[in-house]
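Subject: Structure for you to look at

Hello,

Here is the structure I said I would pass on. My notes follow it; please read them with the model open.

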Amino acid sequence: MTEQMRPGRQCAVCTSGARADIEAAYLEGESIRAISARGNFARSSLRRHMAMHLVIDASTARDVPLNAGSIALRVLAVAERAREVAEEALDAGDRTQTFRAGDAELRALAVLASLGVKHETALQELDAYRTVTHAVIRAARRNPEVGEYVARQLDAVDREAFAADLRSQIQETTKGLTS
Ligand SMILES: [Zn+2]
């Protein structure tokens, strides 16, 4: 294990012994909210762990019964979250955390490349996914009711996991604004 991949000593998920199971569930598409609802970890701990400490390599891709494209979407989300963590750390003047989060983002992007996400169509789909997701999250942050409305539409087409993820993003934002 390299220095940069060493799990966080303060991280509840890393030190729990349940790490592998939790990461597999996450990569299989289970939402942060659903994993948190099992009762052992706060959503913020899980989100931070996935952004900062999730280790994905070729063997992970073999072990998780999904195609590379599905995993790629999850990894892309990890990269996006790591970038958010980096931006928050930069705002807070925390250079160490900024560096670590930037490093986590780079690792996720490297994983995307190793998963073979270089086909132009796949990249265009990823770009569309990222663009739409960012637009929805921006809209939801400005107006949580918009986010809730989109989440209800996702529920209506049996995409409860996406809806739950979106709702947890809104909740975190709301919490951040009021605290
Ligand atoms: Zn961790």
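**An exposed loop residue**

With 9 C-beta neighbours inside 10 Å, Asp158 counts as exposed, because the cut-off for exposed is 12 or fewer. Please keep in mind that this is a predicted model. Asp158 sits in the loop that joins helix H8 (144-156) to helix H9 (160-178). Its phi is positive, about 60°, although Asp158 is not a glycine. Asp158 comes after H8 in the chain. As for H8 itself, its 13 residues should span 18 Å at 1.5 Å a residue, and the end C-alpha atoms are 18 Å apart, so the two values agree.

**The chain as a whole**

The model has nine helices and zero strands. Read along the sequence, the pattern is therefore α-α-α-α-α-α-α-α-α. Of the 179 residues in the chain, 27% count as buried. Among contacts with a separation of 6 or more, 62% are between residues 24 or more positions apart.

The mean pLDDT of the chain is 76, and 75% of the residues reach 70 or more. Among the elements, H2 has the highest mean pLDDT, 90. The lowest, 57, belongs to helix H4 (residues 58-63). Over residues 1-5 pLDDT stays under 50, and the model has three contacts beyond four places in sequence for them. Where pLDDT is low, the predicted coordinates should not be read in detail.

**The nonpolar cores**

The largest nonpolar core has 26 residues. Those that touch the most other members are Ala51, Val75, Val78, Ala82, Ala108 and Leu112. Two or more residues each come from helix H1 (19-27), helix H2 (32-37), H3, helix H5 (68-91) and helix H6 (95-114). H5 gives the largest share of this core, eight residues. There is also a second, separate core of six residues, which includes Ala140, Ala151, Ala163 and Leu166.

What does Ala79 touch, leaving out residues up to four places away in sequence? The partners are Glu105, Ala108 and Leu109. Ala79 and Leu109 are 30 residues apart along the chain, and their C-alpha atoms are separated by 6.5 Å.

Why is helix H3 (residues 43-52) described as largely enclosed by the rest of the structure? Seven of its ten residues are buried, so the description follows from that count. The buried residues are Leu46, Arg47, Arg48, His49, Met50, Ala51 and Met52. Note that this list of buried residues in H3 includes Arg47, Arg48 and His49.

In H1 the buried residues are Ile22, Glu23, Tyr26 and Leu27. Seen down the axis of H1, they fall within an arc of 130°, so they line one face of the helix. The face turned away from the buried side of H1 carries the exposed residues Ala20 and Asp21. Gly29 follows H1 and has a positive phi, near 110°.

Glu23, which belongs to H1, may be worth a look. It has 20 other C-beta atoms within 10 Å; the cut-off for buried is 20 or more, so Glu23 counts as buried.

**Arg142 in helix H7**

Is Arg142 buried or exposed? Arg142 is found in helix H7 (residues 120-142). It has 10 other C-beta atoms within 10 Å, so Arg142 is exposed. Ile170 lies 28 residues away from Arg142 along the chain, and their C-alpha atoms are separated by 9.6 Å.

That is what I have for now.

Regards

Note on methods. Residues are numbered from 1 along each chain as its sequence is written. This is a predicted model: local features need pLDDT of at least 70, side-chain atom pairs count only at pLDDT 80 or more; totals for chains, interfaces and linings use all residues. Helices (H or I, at least four residues) and strands (E, at least two) are DSSP runs, numbered from the N terminus. A nonpolar core is a set of buried Ala, Val, Leu, Ile, Met, Phe, Trp, Tyr and Cys residues joined through C-beta atoms within 7 Å. Two residues are in contact if their C-beta atoms, placed from the backbone, lie within 7 Å. pLDDT is the predictor's confidence in each residue, from 0 to 100. The arc is that of the directions from the helix axis to the C-beta atoms. The expected span of a helix is 1.5 Å times one less than its number of residues.
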